[in-house]
Amino acid sequence: MAAGGPAVVETRGLSKRYRNVRALSDVTITVPEGRVSALIGPNGAGKTTLLRLLSALARPTGGEIAVLGMVPRSDPAFLRGVGFLAQEIPLYRRFSAEDHISIGAHLNARWDAASVRRRLEHLGIPPGQAVGTLSGGQRAQLALALTLAKRPRLLLLDEPVAALDPLARRQFLAHLAEAAADGDLTVVLSSHLVADLERTCDHLILLNAARVQLCGDIESVLAEHQVLVGPRKDTTAIERDHTLVQAVRTARQTTLLIRGNKPVTDPAFEASDVGLEELVLGYMGQHGGQAPAHLTAIGDDR
Amino acid sequence: MTWVVWRQHRSQVLVAAAALALFAVLLLVTGRQMASQYQSALASCSASHSCAGLANTLILGSPVLSLLVTLTVVVPCLLGVFWGGPLIAREFENGTSQFAWTQGVSRGRWLTAKIGWVLLAAVAWGGAVSALVTWWSTPVNALKQQNFQPGQFDIQGIVPVGYALFAVALGIAAGALFRRTLLAMAVTIGVFTFLRLVVGQDLRSHYLPALTRTFSFLHPPVLPAGSYWLVAGAVVGPGGQVAGGAAHSGPSISFGGVPIPVGSMPSACRELIFQSPLKFGSCLAARGYRAQISYQPASRYWAFQGIETGIFVALAAVLIAATVIVVTRRDA
């Protein structure tokens, strides 16, 4: 896996339980400095829980966690380095953008009000209007600008584009990419839409049913996997050398997603590179989030 | 943080300030009128040596105004419902707690500022309303001497400040626990009303042991001086037992605030009621009956105000401590 700078996020065996529900289980991840990490997983996989643990809004029930070298906690020394934007984009609906800028100025030691105003002007968002009357896209942009005004070293965004139309989504991600480009900002961005993240992110955390399936540099993760297409036949030889992530068998054809760099010797199968979306869907297609070798058959006609 | 609290609640503060100003003007104007009315009535009755019956003949202030003043008993509850209940619950409900708690200020400081200012406001408003009512009631208190009685006791002096602190703390705690504004408001109304009734009806009369005084029916009763609180009154029979019992219902006549249960009196005396109350009295006295009251003397008024305020302030402190624990320990 590609090495980066020092780890900004590091967890070991992290778990979180809500009464009888296990939201996260044995999560071990590392996000190096300067990365834009895509936190991908189906709804209910634990993405929000993970981001809330990283931002000190919630406390883990087990395991270890270090963010910017600190255990997340609600004190200024920790909070100043971390920006968090929750999924529902919580802002005070009756307050204007300008009110929010003032609130931020009073609650943060470091606060770049000018950057928010520049951004509002650039996007044509009225600064004096109640936030509740702005469009969803405008609210999201304002919230992102406010989160960035803290000048955080780690930016945590929970499904920020889920509710936006395609144009607003593109603008938001462009804004984010711009912010990530100038400086040592590290970003963890959750979504269940892979296409949005492919252009923006260079790091991947794949979460499924409370467990981490993959964590690492996107390029190297993709290079570790291959897709094999061949006739319908026995695949135990291939499974001996590789980890089978997903197998799709139809009457005449077998498609395998495998992990491992060893070349496939079986001439009946044709190997090809895997795309991010294909990879994510392959892992998500597994049932119950078991170990990666768990097999799924689709369209089986035995 | 102070600025943030002010920005968030300034419209509420302005509305409350306007309402208080209106109330103040109303009471200041009518209070002065009542005071001068009382003074001139006192002057004219002293001249004619007829002040004994003044309490029964002089009517101070309008009934509407008296009702308004009596209704200030709900002010602490209103503060608890509209200031305390939403304070934290609304932040949870709208998700803005996630915004507030990921800025550069710890949850503890955020809480301290919000709770501190709203409690201070509760003291200010509760205290101002009570001070106005107490001042306004001065001539009424002098005339009727009823400010130790339940009802008047609850809207004068320092107890309204204790109630206001408790109600607001209750609203805050319910909001922090349930995270729903409406539920917090409803719980505040229910718990506050229940506790006020229990304390007022069952607890207050026991803060200090009541004094007792016994009257013979042969003479007019010599009642305690000043604004004493008549806790209970009964007719005691020759053996020292209470005649008629506490649950007596049926016709009764009053003697110095003590109801005489006519049906439980000896039949020989009962026949005399219609002839002359005096003969009825001497008949009862001859058979060993006497009236007895238990009361809290006027001199204990401020001690009782202090004790009751202390109880509610202590309850408020417990609720605030619980709120801080719940908010800082639980996940956002």
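**Exercise 1.** How many of the 7 residues of strand S9 (residues 211-217) of chain A are buried?

*Solution.* The model is predicted. Start with the count: 6 of the 7 residues in S9 of chain A are buried. The strand is therefore mostly covered, given that a residue with 20 or more other C-beta atoms within 10 Å counts as buried.

**Exercise 2.** Find the strand that pairs with S9(A), and describe the link.

*Solution.* Look at strand S8 (residues 203-208) of chain A. S8(A) and S9(A) pair in the antiparallel sense, over 6 bridges. One bridge joins A:His203 to A:Asp217 in S9(A). Now check the turn. The two strands form a hairpin with 2 residues between them. A:Ala209 sits in that turn and has a positive phi of about 45°.

**Exercise 3.** Is B:Phe99 buried or exposed?

*Solution.* First place the residue: B:Phe99 is in helix H5 (residues 96-100) of chain B. Next, count its neighbours. B:Phe99 has 24 other C-beta atoms within 10 Å. The cut-off for buried is 20 or more, so B:Phe99 is buried. Finally, look at chain A: B:Phe99 touches A:Pro90 and A:Leu91.

**Exercise 4.** Trace helix H1 (residues 2-47) of chain B and say where the helix bends.

*Solution.* The bend is at B:His9, by about 60°. Then list buried residues; among them are B:Val4, B:Leu27 and B:Met34. The buried residues of H1(B) pack against helix H3 (97-107) of chain A, and also against helices H6 (107-136) and H7 (138-144) of chain B. After the helix comes B:His49, with a positive phi near 50°.

Key
Residues are numbered from 1 along each chain as its sequence is written. Chains are lettered from A and ligands numbered from 1 in the order in which they are written. This is a predicted model: local features need pLDDT of at least 70, side-chain atom pairs count only at pLDDT 80 or more; totals for chains, interfaces and linings use all residues. Helices (H or I, at least four residues) and strands (E, at least two) are DSSP runs, numbered from the N terminus. A residue is buried if 20 or more other C-beta atoms lie within 10 Å of its own, exposed if 12 or fewer, and partly exposed in between; C-beta atoms are placed from the backbone. Two residues are in contact if their C-beta atoms, placed from the backbone, lie within 7 Å. The bend at a residue is the angle between axes fitted to the seven residues ending there and the seven starting there. Two strands pair if DSSP finds at least two bridges between them. Lists of a residue's contacts leave out its neighbours within four places in sequence.
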